[in-house]
Amino acid sequence: MLPFAPMLKNLWYTGAPLDRVSHLREDAAWVAARRRAKDTRLVPVWRSRSLVHTEDDRALILTVEEAGELLDSAQHEVVLGLEGDTLYIGLDLSHLDDPYGHPRIGAEGAFEDLRQIGPVIPADEGAILAHARGMMTWHQRHLFCGVCGAPTEVSHGGYQRNCTGCSAQHFPRTDPAVIMLVHKGDNCLLGRTHHFPRRIYSTLAGFVEPGESLEEAVAREVFEEAGVTVGEVRYMASQPWPFPSSLMLGFHAEAEAMELNIDPKELEDARWMTREQIGRIEEFDMELPRRDSIAWRLVKAWMDGF
């Protein structure tokens, strides 16, 4: 039980129904016995894309009975967890030029960007696909030791890589990033970076730096990007964002003043918007961020009076 209750619930890519069974995935004998069970379910990832049905808005998750040969062709394999007695295994097929060689995948599936299909598939499936995608990204980026440069080998069900040279142990990493809706009175601050799609305005965000707290990161990023000093910082919720490997920590932050001093290297534009203006934001040639993002939920919570 968490010692606090996040104010935003049911965020996309959260709420996976799997028990991650950390005590079991370290047991190589248990993994070996379970991975070939007929009902074990396989979650393929190909070059950061997730497998979905072409005919309906669902993830295409195959059983070992249907596609056990994928276990032999995967570049990386990760024990995702148990749903009841059913084991889920993530498989990385990125080394294949053509991932559609298996008949079921070729006939029924397509590898799609999770950011495009995440909001339309069932939320529990989206969380499982996000877990698999994040783990495969980590494996692809840690084939060699960051200490001595020697190749690494997989252990612990895919949650550890061991250096074959200096014996250093490497574990999956998540980059903490703060994302915050800055507000004052009936106004909130929306901005856009140079790489945003046209019309999109969102909350401010940035990565946490070594040696600073989350609240300090919020204050620093807001001041660096928009020249705004914030006072009270209130935690709202967090969202895994495996694009490629972030954890978004969401906040509402109260501005001390509304004067802007935008850093053009950080932001292309920033604007204060009232609740009424956001309600008709299209009239300003603007759009809010995608609805699977915590940024959208932070704005919505503020609009609803949180």
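Trainee: Which residues point one way from E5, which point the other way, and are they buried or exposed?

Mentor: Thr86, Tyr88, Gly90 and Asp92 point one way, Leu87, Ile89 and Leu91 point the other way, and all are buried. Bear in mind that the model is predicted: local features need pLDDT of at least 70 and side-chain atom pairs count only at pLDDT 80 or more, while totals for chains, interfaces and linings use all residues. Residues are numbered from 1 along each chain as its sequence is written, and side-chain values use heavy atoms, with hydrogens and water left out.

Trainee: Why is Thr274 called buried?

Mentor: Its relative accessibility is 17%, and the cut-off is under 20%, so Thr274 counts as buried. Thr274 belongs to strand E15 (residues 269-274). Leaving aside neighbours within four places in sequence, Thr274 is in contact (heavy atoms within 4.5 Å) with Asp186, Asn187 and Trp302.

Trainee: How do you know that E4 and E5 pair?

Mentor: Two strands pair if DSSP finds at least two bridges between them. Strand E4 (residues 76-83) and E5 have 7, in the antiparallel sense, so they pass. Gly81 stands opposite Tyr88 in E5.

Trainee: What makes E7 and E9 stand at the edges?

Mentor: The open sheet has 3 strands in the order E7-E8-E9, with antiparallel pairing. Strand E7 (152-155) and strand E9 (169-170) each have a single partner strand, so one side of each lacks a neighbour in the sheet. E7 pairs with strand E8 (residues 160-163) over 4 bridges, and Glu153 has Asn162 in E8 as its bridge partner.

Trainee: How many bridges join E13 to E14?

Mentor: There are 9 between strand E13 (residues 230-241) and E14, which run antiparallel. Trp241 has Ser246 in E14 as its bridge partner. On the parallel side, strand E10 (residues 175-184) pairs with E14 over 9 bridges, and Asp175 stands opposite Ser246.

Trainee: What makes something a pocket?

Mentor: On a 1 Å grid over the protein atoms alone, a pocket is an open set of points with protein on both sides within 12 Å along at least five of seven lines, whereas in a cavity a 1.4 Å probe fits but cannot get out. Lining residues have an atom within 4 Å of a point. By that rule, 31 residues line the largest pocket, with His195, Phe196, Ala205, Trp241 and Met248 nearest its centre. E12 supplies the largest share of that lining, 4 residues.

Trainee: Which residues lie nearest the centre of the second largest pocket?

Mentor: Those are Tyr13, Arg20, Pro240, Trp241 and Leu247, out of 32 lining residues. H7 gives the most to this lining, with 6 residues.

Conventions: Helices (H or I, at least four residues) and strands (E, at least two) are DSSP runs, numbered from the N terminus. Buried means under 20% relative accessible area, exposed over 50%, partly exposed in between (1.4 Å probe, protein chains only).
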